[in-house]
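Hi everyone, thanks for coming.

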Amino acid sequence: MPPRTTNRRKQPGQVRRQPSQDRARETRDHILDTAAELFGAHGVEQTSTNRIAAEAGVSIGTLYRYFADRSVIVDELLDRLLADLERGFTARAFEFAGPRTEVTAEYCAGIVSEILAIFADILVANSALLRALIGGVQFYSTGLPQFEQRLRLIVKVVLIQGLGPADERYLDTVAFVFINTGFAAVVRAAADEVSERERVDAIAMTARMMGTWLAAEVAARESAGP
């Protein structure tokens, strides 16, 4: 005979609430968004975890459930900014491919200008947070080396598409100089409180300078032969 079923309900203490991963992600992202706004407005050192929790409308215990301390929040925001830059650049990287024409300074400057424009769009949109990260020496001590490592491969792909094949060591060096010169210039232009016209001019000048350098590198390599 089958066992009898009962309609007995569990007592409140026996019921375990199932965590919602979507809701947890939303809460975590909301805390990060709030912290980004506060860091941008007041600076990292002037923004406590208590203030972030209060502005986000969560308890301090909830904040600490996701982030051990403020430095972890800063690291997460830096990583998120770098991920946005990485995605933006990767999405556009293969658009630079095309029939290779004569590699002039103007041709190289055009490629550089397009790449720097991608970086500038994302950094300018996050300029207040970028200033806060730079103010805490977080971006230059951690952000640039991280960014160089993460984007080196895709930058090399773009360089090969635009400038032709070369040996690995040479491409590593060019990619290093490219990121740490071009990207660093865009960071300063986006973070400094300058007019849009000044920023555009500074980035365009950087593109021309780097275009001349790249064209000279190609010419020197081709004249040297295999």
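Let's begin with the rings: there are three aromatic pairs here, counting rings of Phe, Tyr and Trp (its six-membered ring) whose centres lie within 6.5 Å, with planes under 30 degrees apart called stacked, over 60 edge-to-face and the rest tilted. This is a predicted model, so local features need pLDDT of at least 70 and side-chain atom pairs pLDDT 80 or more, while totals for chains, interfaces and linings use all residues. Residues are numbered from 1 along each chain as its sequence is written, and side-chain values use heavy atoms, leaving out hydrogens and water.

Tyr66 and Phe67 make a tilted pair, 6.5 Å centre to centre with 50 degrees between the planes. Tyr66 is partly exposed at 23% relative accessibility, whereas Phe67 is buried at 0%; buried means under 20% relative accessible area, exposed over 50%, and partly exposed in between, with a 1.4 Å probe and protein chains only.

Phe89 and Phe119 are tilted too, at 5.5 Å and 50 degrees. Phe89 sits in helix H4 and Phe119 in helix H5 (residues 105–125), so this pair ties together parts 30 residues apart in sequence. Helices are DSSP runs of H or I, at least four residues, numbered from the N terminus.

Finally, which helix holds Glu76? That's H4, residues 70–93. Beyond four places in sequence, Glu76 touches Arg28, Leu32 and Phe67, a contact being heavy atoms within 4.5 Å.

Technical notes: Helix = DSSP H or I, 4+ residues; strand = E, 2+ residues; numbered from the N terminus.
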